[in-house]
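This report goes through one protein chain, from its overall dimensions down to single residues. The sequence and model come first.

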Amino acid sequence: MAKLKIKSGDTVVVTAGEHKGSEGKVMKVLIEKNKAIVEGVNMVSKHEKPSASNPQGGIAKKEAPIHISNLSLVDPNTGKATRVGYKMEDGKKVRFSKQSNQVV
(Lines give C-alpha, C1' and ligand atoms only; values in the text may rest on other atoms or scores of the structure.)
Protein backbone atom coordinates (compact mmCIF):
# COMPACT_ATOMS: atom_id res chain seq x y z
CA MET A 1 0.00 0.00 0.00
CA ALA A 2 1.34 3.40 -1.02
CA LYS A 3 1.97 6.17 1.52
CA LEU A 4 0.22 9.33 0.35
CA LYS A 5 1.20 12.81 1.51
CA ILE A 6 -2.34 14.18 1.22
CA LYS A 7 -5.01 13.46 3.84
CA SER A 8 -8.71 14.17 4.24
CA GLY A 9 -9.33 17.74 5.38
CA ASP A 10 -6.23 19.18 3.66
CA THR A 11 -6.57 22.22 1.42
CA VAL A 12 -5.05 21.44 -1.97
CA VAL A 13 -4.54 23.11 -5.33
CA VAL A 14 -4.79 21.33 -8.70
CA THR A 15 -1.44 21.56 -10.51
CA ALA A 16 -2.30 19.90 -13.84
CA GLY A 17 -5.21 19.07 -16.08
CA GLU A 18 -8.51 20.71 -16.97
CA HIS A 19 -9.05 22.13 -13.47
CA LYS A 20 -5.53 23.54 -13.03
CA GLY A 21 -5.39 26.31 -10.44
CA SER A 22 -8.58 25.25 -8.62
CA GLU A 23 -8.42 25.05 -4.84
CA GLY A 24 -10.52 22.93 -2.53
CA LYS A 25 -10.70 20.79 0.57
CA VAL A 26 -10.03 17.05 0.31
CA MET A 27 -13.22 15.20 1.24
CA LYS A 28 -11.97 11.63 0.77
CA VAL A 29 -8.76 9.86 -0.24
CA LEU A 30 -8.96 6.63 -2.25
CA ILE A 31 -5.65 5.02 -1.27
CA GLU A 32 -5.94 1.91 -3.46
CA LYS A 33 -6.52 4.04 -6.59
CA ASN A 34 -4.10 6.90 -5.68
CA LYS A 35 -6.95 9.40 -6.10
CA ALA A 36 -8.73 11.99 -3.99
CA ILE A 37 -12.13 13.67 -4.09
CA VAL A 38 -11.76 17.45 -3.77
CA GLU A 39 -14.69 19.70 -2.88
CA GLY A 40 -15.88 21.70 -5.91
CA VAL A 41 -13.23 20.34 -8.31
CA ASN A 42 -13.72 17.92 -11.24
CA MET A 43 -17.53 18.13 -11.20
CA VAL A 44 -19.36 15.60 -13.38
CA SER A 45 -23.03 15.08 -14.22
CA LYS A 46 -24.53 11.78 -13.07
CA HIS A 47 -27.90 10.56 -14.31
CA GLU A 48 -29.98 9.25 -11.42
CA LYS A 49 -32.94 6.92 -11.68
CA PRO A 50 -36.03 7.77 -9.67
CA SER A 51 -35.94 6.11 -6.24
CA ALA A 52 -37.66 6.35 -2.87
CA SER A 53 -35.17 8.97 -1.66
CA ASN A 54 -35.22 10.85 -4.99
CA PRO A 55 -38.63 10.31 -6.63
CA GLN A 56 -37.97 12.80 -9.44
CA GLY A 57 -34.63 11.34 -10.60
CA GLY A 58 -32.72 13.58 -13.01
CA ILE A 59 -29.16 14.80 -13.43
CA ALA A 60 -27.01 15.46 -10.36
CA LYS A 61 -23.64 17.24 -10.20
CA LYS A 62 -21.00 15.58 -8.03
CA GLU A 63 -17.23 15.51 -7.58
CA ALA A 64 -15.22 12.84 -9.39
CA PRO A 65 -11.87 11.55 -8.10
CA ILE A 66 -8.70 13.28 -9.29
CA HIS A 67 -5.23 11.70 -9.29
CA ILE A 68 -2.97 12.53 -6.34
CA SER A 69 -0.09 13.46 -8.66
CA ASN A 70 -2.17 16.39 -9.95
CA LEU A 71 -2.70 17.80 -6.43
CA SER A 72 -0.38 19.82 -4.23
CA LEU A 73 -0.84 20.87 -0.62
CA VAL A 74 -1.42 24.58 0.04
CA ASP A 75 1.16 26.16 2.37
CA PRO A 76 -0.62 27.66 5.42
CA ASN A 77 1.72 30.71 5.44
CA THR A 78 1.92 31.73 1.78
CA GLY A 79 -1.25 30.17 0.34
CA LYS A 80 0.76 28.69 -2.55
CA ALA A 81 1.39 25.08 -3.55
CA THR A 82 4.15 23.31 -1.63
CA ARG A 83 5.77 19.92 -1.40
CA VAL A 84 5.42 17.86 1.76
CA GLY A 85 8.15 16.23 3.82
CA TYR A 86 8.27 14.21 7.02
CA LYS A 87 10.35 14.76 10.14
CA MET A 88 10.43 13.55 13.72
CA GLU A 89 9.25 15.99 16.38
CA ASP A 90 9.00 14.95 20.04
CA GLY A 91 9.10 11.29 19.02
CA LYS A 92 6.23 11.68 16.51
CA LYS A 93 6.38 11.68 12.74
CA VAL A 94 4.87 14.92 11.41
CA ARG A 95 4.31 16.42 7.96
CA PHE A 96 5.91 19.77 7.15
CA SER A 97 5.81 22.26 4.29
CA LYS A 98 9.07 22.27 2.34
CA GLN A 99 8.49 25.92 1.39
CA SER A 100 8.10 27.42 4.86
CA ASN A 101 9.47 24.49 6.93
CA GLN A 102 6.33 24.72 9.13
CA VAL A 103 4.44 21.68 10.46
CA VAL A 104 1.19 21.12 8.55
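## Surface and charge

The model is predicted. The chain exposes about 7,000 Å² of surface, and carbon and sulfur atoms supply 49% of that area.

Charged side chains number 19 positive and 10 negative.

## Dimensions and fold content

The chain contains 10 strands and zero helices. Its pattern along the sequence is accordingly written β-β-β-β-β-β-β-β-β-β.

Along the principal axes, the C-alpha atoms occupy a box of roughly 55 × 30 × 20 Å. The radius of gyration is 17 Å, whereas a compact globule of 104 residues would come out near 13 Å. Of these 104 residues, 31% are buried. When contacts between residues at least 6 apart in sequence are taken, 36% of them link residues at least 24 apart.

## The nonpolar core

How many residues make up the largest nonpolar core? The core has 14 residues, and those with the most contacts inside it are Ile 6, Val 12, Val 26, Val 38, Ile 66 and Leu 71. At least two core residues come from each of strand E1 (11–14), strand E2 (23–30), strand E3 (35–38) and strand E7 (71–74).

With residues up to four places away in sequence left out, Ile 66 touches Val 14, Lys 35, Ala 36, Val 38, Val 41, Asn 42 and Leu 71. Two of these partners, Val 38 and Leu 71, are themselves listed with Ile 66 among the core residues with the most contacts.

Thr 11 lies in strand E1. Thr 11 and Ser 72 are 61 residues apart in sequence, and their C-alpha atoms are 8.7 Å apart in space.

Lys 5 is located in the segment before E1. Lys 5 is also partly exposed, because its relative accessibility is 38%. Its contacts, apart from neighbours within four places in sequence, are with Asp 10, Val 84, Tyr 86 and Arg 95. Of these, Arg 95 is 90 residues away along the chain, with 8.0 Å between the C-alpha atoms of the pair.

## Backbone exceptions

Most residues other than glycine have a negative phi. Asn 42 has a positive value, with phi near 60°. This residue sits in the loop between E3 and strand E4 (43–48). Is Asn 42 buried or exposed? Asn 42 counts as buried because its relative accessibility is 18%, and the cut-off for burial is under 20%. Asn 42 is also one of the residues touched by Ile 66.

Asn 101 likewise has a positive phi, near 60°. Asn 101 is found in the segment after strand E10 (92–97).

Terms used. Residues numbered from 1 in each chain as written. Predicted model: local features only at pLDDT ≥ 70, side-chain atom pairs only at ≥ 80, totals over all residues. Heavy atoms only, no water. Helix = DSSP H or I, 4+ residues; strand = E, 2+ residues; numbered from the N terminus. Rg over C-alpha atoms; globule rule 2.2 N^0.38 Å. Buried < 20%, exposed > 50% of the residue type's maximum accessible area, 1.4 Å probe, protein only. Contact = heavy atoms within 4.5 Å. Areas by Shrake-Rupley, 256 points an atom, 1.4 Å probe, with all protein chains shown as cover. Lys, Arg positive; Asp, Glu negative; His and termini not counted. Charge placed at Lys NZ, Arg CZ, Asp CG, Glu CD. Core = buried A, V, L, I, M, F, W, Y, C linked by side-chain atoms within 4.5 Å.
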